[in-house]
Amino acid sequence: MGSQTSLPPPDDRRGALAVFRRRFGATPGQIAFTASSTHGGGTLCPQALVLLLSFKGSHASSALVRQLAGWLPEGVSAPRQDVAERLGQWLNVNEAIALRTTQASVAAAGTAAARRATPPVDQQALHTALQRELQRVRAVLIQSITARDASHRSDPNELDIEWALFHQRLNDQQRRMELSVEALRGHVRQALGQSTPELAQLAALDAAMEPLLAGREQRLLGSLPAFLKARFVALRQQVADPSDTAPDDLHWLQTFANEFEQTLLAELDLRLQPVIGLIESIPA
């Protein structure tokens, strides 16, 4: 009849909004209102990384934030800002405008799903299948992160080489996480898009939000090497003896290796948050 497409009633959107709030720490309306008058940008610094990761406010992101915040110099802490100020740093004016058009695309996805003449989706089976795939991908990445070269022997006189090896390992693991989680997220979104109208709307919302936030998040995670190198140097200096020209006590290096892996595992949890949120939205 030519009537405009509308979002479903509030009760039908409760699950989607809950997942959105879990992912971003605010509702879509709060983000749109905040970003519409904000330019974003700014210079990255350790405190900014802690701040902008912590705005998500979930347990998984807190693990990474606590790890990094513990390495800040004594007396230095991330500035405290409310949700509006924090979200404003993630979106520029053009992105805010794009965000304001999201409602139409989300509504269209729900309408298209409602019109499809397909048998009802077994949501329990869908939830189980996607949860199994999530656990598979997570297990593969955890195994990759925690794998160590048993044949490697650290040389106390070549500690710069030790850091270079850690740095290369970090780059490799971040790239592997990025590719694996991106593929998993797309797969989950596609499955939800072929499901109920409500889940199709959530998938469309996630698809619209990802390009708006992914670039900034990737740049921030790309600054992790600076944190880890500072931690490497700090642990090294704690045991340094100026009178010893060839120190061979490398217990601190084992401590760093453990913290290095914990940081990568926390980053993995952070990257998986959107996928977990999408899967948890499926009535089980």
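Author: Of the 47 residues in the largest nonpolar core, Leu-130, Phe-166, Val-188, Leu-192 and Phe-256 touch the most other members. The model is predicted, so local features need pLDDT of at least 70 and side-chain atom pairs count only at pLDDT 80 or more, while totals for chains, interfaces and linings use all residues. Residues are numbered from 1 along each chain as its sequence is written, and side-chain values use heavy atoms, with hydrogens and water left out.

Reader: What makes a set of residues a nonpolar core?

Author: The term covers buried Ala, Val, Leu, Ile, Met, Phe, Trp, Tyr and Cys residues joined through side-chain atoms within 4.5 Å.

Reader: Why is Phe-256 called buried?

Author: Buried means under 20% relative accessible area, exposed over 50% and partly exposed in between, with a 1.4 Å probe and protein chains only. Phe-256 has 0% relative accessibility, so Phe-256 counts as buried; Trp-163, with a relative accessible area of 10%, is buried as well.

Reader: Why is the pair of Trp-163 and Phe-256 called edge-to-face?

Author: Rings of Phe, Tyr and Trp (its six-membered ring) pair if their centres lie within 6.5 Å, and planes under 30 degrees apart count as stacked, over 60 as edge-to-face and the rest as tilted. Trp-163 and Phe-256 are 6.2 Å apart centre to centre, with 65 degrees between the planes, and hence form an edge-to-face pair.

Reader: What makes this pair a tie between parts of the chain?

Author: Trp-163 lies in helix α9 and Phe-256 in helix α12 (residues 251–280), so the pair ties together parts that are 93 residues apart in sequence. Helices (H or I, at least four residues) and strands (E, at least two) are DSSP runs, numbered from the N terminus.
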